Amino acid sequence: MNQQVIIFDTTLRDGEQSLQSSLNTSEKLKIALALEKMGIDIIEAGFPISSPEDFKSVQTISNNIKHARICSLARCVQKDIDIAVQAMQLAKNFRIHIFLGTSNLHVTSKLKKNFKDILEMAVYFVKYARNFTDDIEFSCEDAGRTSMSNLYQIVSKTIQAGASTINIPDTVGFTIPNQFSKIIQNLYENVTNIHQAIISVHCHNDLGMAVANSIAAIQSGARQVEGTINGIGERAGNAALEELAMIMKIKSKLLNVKNNINYKEIYNTSRIVSQICNVPIPFNKAIVGKNAFAHSSGIHQDGVLKNRENYEIFTPDLIGLKTVKLNLTSRSGRAVVKHYMGKMGYSNKDYDLNLLYINFLKLADQKGQLFDYDLEILAFVKDYNKLLKFYKLIFFNAQLKFDESIIITIKMNCGEKTCSQTISTTKGLFYAINKACMKITNYPIFLKKVKIVTNQQKTKILNQTYLTIKYLDKLFYGTSASTNFVKSYILAITKILNSIFQYRQVNKNKKIYKK
Ligand SMILES: CC(=O)SCCNC(=O)CCNC(=O)[C@H](O)C(C)(C)COP(=O)(O)OP(=O)(O)OC[C@H]1O[C@@H](n2cnc3c(N)ncnc32)[C@H](O)[C@@H]1OP(=O)(O)O
Ligand SMILES: CC(C)C(=O)C(=O)O
């Protein structure tokens with residue numbers, strides 16, 4: 001039978017301590033509620049001695065979380081433990097997590113002690129914490145660089161003192177998988193009372209090994225893994241919990257383990273953590289990255305369209321994500337072009353695939369990425385190049401005032417004509433630009449998403465706009481760059497206006513194309 005692995009989340013403690021600015025109580029509570037929904041067993045809510053706001057966060061989380069166990073970190077310092085207990089008083093179930101450096105480096109150069117003192121401190125404070133709860137976790141900080149004989153001693157003595165979980169952290173991400181699994185194996189073979197405690201691991205990612213080391217430790221008998229959502233944490237981060245959970249699921253037969261994770265909540269939780277912590281998720285991040293379920297090259301897209309399993313080891317709905325993305329770039333092939341045309345309702349007989357593909361490659365080389373509406377125009381409009389530039393920005397003027405009022409004038413060539421609109425509003429700059437564009441074109445457009453990325457280059461500061469606009473039921477995408485962020489936005493929306501113009505041209509005649 002598969003054995004249970006306890007999932008211990010430290011996004012709000014190790015993850016949070018790495019952020020450029022710390023989180024407030026309401027932000028931490030939002031994350032805690034998402035973690036609980038995701039099925040996390042233990043939420044390390046903070047380090048309450050560190051500040052009044054962190055104390056309040058732990059207190060509020062303790063009061064609001066119903067199922068997960070709340071945990072707080074404490075040094076081997078009586079006040080740390082007292083404050084941790086006070087902060088968790090309202091929790092249904094709580095754990096005190098005590099840590100102490102055990103490697104020679106930490107013992108001598110950080111704590112300025114010898115190992116005998118460390119043993120005494122650890123035992124004393126585990127016993128002290130036992131006055132408040134039976135659920136004590138003791139962490140041998142820097143275990144990855146601690147001598148095995150010292151590790152045996154401290155693990156054995158802290159279990160004897162009453163620790164119910166012993167955590168073996170690779171604090172500086174120093175080990176590699178077979179080395180780390182050997183540490184766990186050695187502990188099982190050499191510490192006689194080891195079965196009186198759960199063995200936990202807490203791996204950092206300095207060498208990119210955090211997840212691999214945690215899995216190796218599970219294979220050697222660890223039954224709690226610690227990590228953070230999206231892998232945020234000190235330096236290169238902690239083991240990413242969404243990756244650990246999915247590995248346990250996909251490889252459950254090999255690993256013989258199970259957990260309480262509600263997989264469908266993974267994607268949502270990851271987005272919440274990314275937004276609140278202001279840490280973007282890299283496109284290629286395993287499990288939750290934007291590209292984790294995107295197929296970009298022709299051969300892969302063809303393979304996926306024939307059978308998803310050719311290039312996907314699990315489906316996105318497992319983590320609560322609906323869509324698989326097939327990008328349209330000049331690395332795509334005919335199969336995906338045909339697929340998109342089919343999705344828009346066209347049959348093979350409605351257009352010439354080979355001709356469409358030749359034009360597709362030319363335009364994709366020029367624009368970088370294409371969308372389904374680009375395919376329609378390529379398939380059905382001979383002179384499509386002219387339509388691409390129907391709207392052309394020729395002038396704008398923006399007055400942005402201290403009282404947040406805005407006056408914007410936009411002038412465009414609209415085919416042969418010139419159109420100009422001035423908007424005065426306090427509803428925001430993008431609102432004003434969109435309104436001016438709506439008046440110029442008569443298109444009912446809605447802003448869905450905008451991202452402006454500002455990059456310092458050698459001699460200038462460039463603003464890249466990524467814009468998504470909804471027109472009727474359809475989404476249109478535009479990107480543009482300028483040293484002036486207002487211009488960058490207006491240029492991006494102008495591209496979208498041209499795409500909408502093309503889309504309307506094609507759809508006017510749709511009945512004719514679809515015989
Ligand atoms: C591996 C980890 O991630 S451990 C968790 C790290 N997280 C944090 O540090 C975030 C929260 N920290 C804080 O808010 C502060 O550092 C506090 C409140 C804990 C301490 O603040 P200060 O009292 O000003 O001490 P400061 O941070 O400068 O130094 C840490 C002190 O704790 C001592 N210390 C470190 N670990 C331990 C421990 N496990 N047990 C006892 N003392 C410890 C250090 O030796 C040092 O003591 P010293 O001042 O006598 O040399
Ligand atoms: C407190 C411990 C578990 C820690 O964060 C580490 O060693 O990295």
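Domain bounds here come from an automatic or database domain assignment. On that basis the chain divides into domain 1 (3-277), domain 2 (294-380) and domain 3 (387-510). This is a predicted model: local features need pLDDT of at least 70, side-chain atom pairs count only at pLDDT 80 or more, and totals for chains, interfaces and linings use all residues. Residues are numbered from 1 along each chain as its sequence is written, with chains lettered from A and ligands numbered from 1 in the order in which they are written.

**Domains**
- The centres of domain 2 and domain 3, taken over C-alpha atoms, are 27 Å apart.
- Five residues of domain 2 contact eight residues of domain 3 (C-beta atoms, placed from the backbone, within 7 Å).
- The side of domain 2 that touches domain 3 has four nonpolar residues, no polar and one charged.

**Annotated region**
- An unreviewed UniProt entry annotates residues 5-267 as "domain: Pyruvate carboxyltransferase"; such annotations may be inferred rather than shown by experiment.
- Residues 5-267 are 44% helix and 18% strand (DSSP runs: helices H or I, at least four residues; strands E, at least two; numbered from the N terminus).

**Ligand 2**
- The residues around ligand 2 are D14, L73, F99, S139, E141, N167, P169, T171, H202 and H204 (C-beta atom, placed from the backbone, within 6 Å).
- Strands β6 (136-141) and β7 (165-170) each give two or more residues to this shell.
- The shell holds three nonpolar, five polar and two charged residues (Asp, Glu, Lys and Arg count as charged; Ala, Val, Leu, Ile, Met, Phe, Trp, Tyr, Cys and Pro as nonpolar; the others, Gly among them, as polar).

**Helix α15**
- Helix α15 (residues 353-367) has 15 residues and should span 21 Å at 1.5 Å a residue; its end C-alpha atoms are 20 Å apart, which agrees (expected span: 1.5 Å times one less than the number of residues).
- Just after α15, G368 has a positive phi of about 90 degrees.

How values were computed. Two residues are in contact if their C-beta atoms, placed from the backbone, lie within 7 Å.
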